[in-house]
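This report covers selected local features of one model. The sequence and structure come first, followed by notes grouped by region.

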Amino acid sequence: MTVPLLELVRLRLRDHIQHIEKRKRAVVYSDFADEIGEGVTHDLPQVGEVGFGRFKAKACAFLKKHEDHTALSRLRHRRALTPTDLVELEKMLVEAGIGDAEAIERAREASAGFGRFVRSLVGLDRQAVNDAFAASLGSGTASREQIEFVGLVVDHLTAQGVMEPALVYESPFTDVAPQGPEQVFDDAETSRLFEVIDALNRSAVA
């Protein structure tokens, strides 16, 4: 059952309404006074969550259609952003009717910065992420586990744009290294891994 089909049924039934036999109905009267009790305020946090979820979905679809925008291109290719770039991105969403100032402010707070919020929607360019990790894998001596582990990090950053470093101690990363990156990298390599992740996260902040 679809909306157009329901509309068709409604129109066809309307033509037959006139043939319904008319009959008198008893009039029913009511005489009572409404008693309104004391008002109570109820918080409905889920309503706000639904609204913000719609804002994120609409913003994601809109931004992905405008990936050629200068500020968005910088954001996706891990190039330095300016405060003007962030203002421009906020203005884009407001002028397109995607969200208002309140939604923008909530996005800024939820993601520790509006740049990080936008990056989480549009992701990072895969080549830009690969280039960032090239120093770790460029020697050609990386093991299969190291390559697979870094590949998972690249996949996450490409899709999500930002990454909490603690995630490397959770699945799917622990499927490759159950004890964390220290299991497949030495101390210096592990430090470089976290440095690259941190640098990529900071590149979304003006």
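Asp125 sits in the loop between helix 6 and helix 7 (126-137); helices (H or I, at least four residues) are DSSP runs, numbered from the N terminus. The model is predicted, so local features need pLDDT of at least 70 and side-chain atom pairs count only at pLDDT 80 or more, while totals for chains, interfaces and linings use all residues. Residues are numbered from 1 along each chain as its sequence is written, and side-chain values use heavy atoms, with hydrogens and water left out.

A salt bridge requires a side-chain nitrogen of Lys or Arg within 4 Å of a carboxyl oxygen of Asp or Glu.

Neighbours within four places in sequence aside, Asp125 is in contact (heavy atoms within 4.5 Å) with Arg76 and His77. A polar atom of the Asp125 side chain also lies 3.0 Å from the backbone nitrogen of Ala128.

## Helix 6

How many of the 9 residues of helix 6 are buried? The count is 8, so helix 6 is largely enclosed by the rest of the structure. The buried residues are Phe114, Gly115, Arg116, Phe117, Val118, Arg119, Leu121 and Val122. Just after helix 6, Gly123 takes a positive phi of about 75°.

Arg78 is not a glycine, yet has a positive phi of about 55°. Arg78 belongs to the loop between helix 3 (70-76) and helix 4 (83-95). With a relative accessible area of 35%, Arg78 is partly exposed.

Ala112 also has a positive phi, near 60°, in a residue other than glycine. Its location is the loop between helix 5 (101-110) and helix 6 (114-122). Is Ala112 buried or exposed? Ala112 counts as exposed, because its relative accessibility is 60%.

Gln146 is part of helix 8 (residues 144-160) and counts as buried because its relative accessibility is 9%. Not counting residues up to four places away in sequence, Gln146 touches Thr141, Val184, Phe185 and Glu189.

Glu148 is also found in helix 8. At 38% relative accessibility, Glu148 counts as partly exposed. The C-alpha atoms of Glu148 and Phe173 are separated by 9.1 Å, with the two residues 25 apart along the chain. Pro172 is in the loop between helix 8 and helix 9 (173-176), and the peptide bond from Ser171 to Pro172 is cis, with omega near 10°.

Met1, Leu5, Leu6, Leu8, Val9 and Leu13 make a nonpolar surface patch of about 580 Å². Such patches are made of residues with over 30% relative accessible area and no salt bridge, where nonpolar side chains (Val, Leu, Ile, Met, Phe, Trp, Tyr) are joined within 5 Å and like charges within 9 Å. Accessible areas come from the Shrake-Rupley method with a 1.4 Å probe; for residues, only the protein chains shown count as cover.

Val9 is located in helix 1 (residues 3-14). Val9 is partly exposed, with a relative accessible area of 38%.

Technical notes:
Helix = DSSP H or I, 4+ residues; strand = E, 2+ residues; numbered from the N terminus. Buried < 20%, exposed > 50% of the residue type's maximum accessible area, 1.4 Å probe, protein only. Polar contact = N/O pair within 3.5 Å; in protein donor to acceptor, adjacent residues only side chain to side chain.
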